[in-house]
Amino acid sequence: MKALRRAVRCSFAALVPGELALVLCLASGVRPPPAARSAVELAALALMTASAVLLSLDHRRHHRTGLGHRGAFLAAVADTVPAPVRKLTAHEISLSTSFVRWVARRGPHGVGDGDLPVPYAPGQTSFMYGFFFVSVVETVALAFLIPWPLVHAVTLVLDVWGCYFVIALHASCVVRPHVIGSDGSLHLRYGALLDIRIPADRIASVRQDRRFPTSRLAAVDENGVADLAVGGQTTITVELTEPVRYVRALGKPAEAHTFRFYAEDATSAVTALRAAGGIHSRWTRCGSGTAPRRDACERPRLRSRGS
């Protein structure tokens with residue numbers, strides 16, 4: 001079983017570039033030899049057959065352990081497909097659905113009755129539209145400047161996909177805001193890339209705190225702090241009673257006990273989060289742009305929701 005799974009993974013890694021090269025050749029008008037086309041098609045058919053057999057065996061094995069059909073199928077996929085590939089595939093699907101939702105002007109995703117959406121996309125709108133304009137100009141320029149058909153087809157496909165990616169990523173940020181739950185929980189997101197759920201009973205304090213971090217998205221520093229910056233800044237800091245585990249953009253697990261994120265209206269978000277979670281905060285407002293000293297702010301006291 002392990003040998004078959006390893007063979008399937010290696011075959012996928014070798015076959016996908018070959019399929020892509022064949023498609024680009026056909027798109028650019030280059031006719032590959034019939035033998036090469038037949039070899040690629042036969043390899044793809046054999047790989048699909050081996051993948052189906054492996055998936056079926058893994059599904060049966062997991063189903064015997066007591067998992068339902070859906071859970072067994074997901075576990076079987078996780079056995080064979082690497083986490084980064086699964087994450088990227090799910091990300092592309094979420095991008096597409098978010099783009100359609102944005103174009104159709106539907107409401108925000110994942111916001112239920114009594115929940116409060118906390119937008120963050122306006123903080124990056126000018127940057128994203130500027131980047132999209134540059135990508136379109138580059139696409140048009142290269143379409144006229146590159147004379148070689150194959151190179152022209154490759155760059156055109158990549159440039160068009162790049163333009164779509166930029167606008168779809170921004171659309172996903174618009175339709176997937178942060179969410180303050182009616183039960184006081186906090187749902188932090190960055191488009192289709194990140195999804196972090198913080199239960200209400202783990203929130204110890206929340207305060208406005210403008211910072212300008214340089215770390216990568218949701219990367220955890222040596223102090224257990226994760227930054228979700230938008231436009232190079234964060235405006236709210238949430239400290240937890242115990243760490244929360246989550247998955248980063250490419251499937252790497254992480255754990256943090258403090259989250260700093262950006263909200264377009266930080267004052268309203270902090271007020272709503274304190275009210276929804278029943279947090280009786282006596283924090284003094286620390287100076288924005290500088291790290292607040294722990295001895296200068298009082299630790300908040302938690303009160304029950306019934307008080």
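Aromatic pairs, a sheet and a buried glutamine

Trainee: How many aromatic pairs turn up in a search of the whole structure?
Mentor: The search of the whole structure finds six aromatic pairs, and please keep in mind that this is a predicted model.

Trainee: What does the pair of Phe99 and Trp102 look like?
Mentor: Phe99 and Trp102 form a tilted pair, with 6.2 Å from centre to centre and 45 degrees between the planes. Both sit in helix α4, which covers residues 83-103, and because they are three residues apart there, about one helical turn separates them.

Trainee: Changing topic, what is the strand order in the open sheet of four strands?
Mentor: The order is β1-β2-β3-β4, and the pairing is antiparallel. The edge strands, each pairing on one side only, are β1 (116-118) and β4 (194-198). On average, and ignoring direction, neighbouring strands of this sheet are turned by 15 degrees against each other.

Trainee: How many bridges join β3 to β4?
Mentor: Five bridges join β3, residues 186-190, to β4, and the two strands run antiparallel. As one example, His187 has Arg197 in β4 as its bridge partner.

Trainee: Where is Gln124, and what does it touch?
Mentor: Gln124 is placed in the loop between β1 and α5, the latter spanning 125-145. Leaving aside residues up to four places away in sequence, Gln124 touches His170, Cys173, Tyr190 and Val230.

Trainee: Why does Gln124 count as buried?
Mentor: Gln124 counts as buried because its relative accessibility is 4%, and buried means under 20%.

Trainee: What about the protein as a whole?
Mentor: Its secondary structure comes to seven helices and 10 strands, and 37% of its 307 residues count as buried. The accessible surface comes to about 17,500 Å², of which 63% belongs to carbon and sulfur atoms. Among contacts between residues at least 6 apart in sequence, 66% join residues at least 24 apart.

Definitions and conventions:
Residues are numbered from 1 along each chain as its sequence is written. This is a predicted model: local features need pLDDT of at least 70, side-chain atom pairs count only at pLDDT 80 or more; totals for chains, interfaces and linings use all residues. Side-chain values use heavy atoms; hydrogens and water are left out. Two strands pair if DSSP finds at least two bridges between them. Axes are lines fitted to C-alpha atoms, for helices over the stretch in contact, and angles run from 0 to 180 degrees between N-to-C directions. Buried means under 20% relative accessible area, exposed over 50%, partly exposed in between (1.4 Å probe, protein chains only). Contact means heavy atoms within 4.5 Å. Accessible areas come from the Shrake-Rupley method with a 1.4 Å probe; for residues, only the protein chains shown count as cover. Rings of Phe, Tyr and Trp (its six-membered ring) pair if their centres lie within 6.5 Å; planes under 30 degrees apart count as stacked, over 60 as edge-to-face and the rest as tilted.
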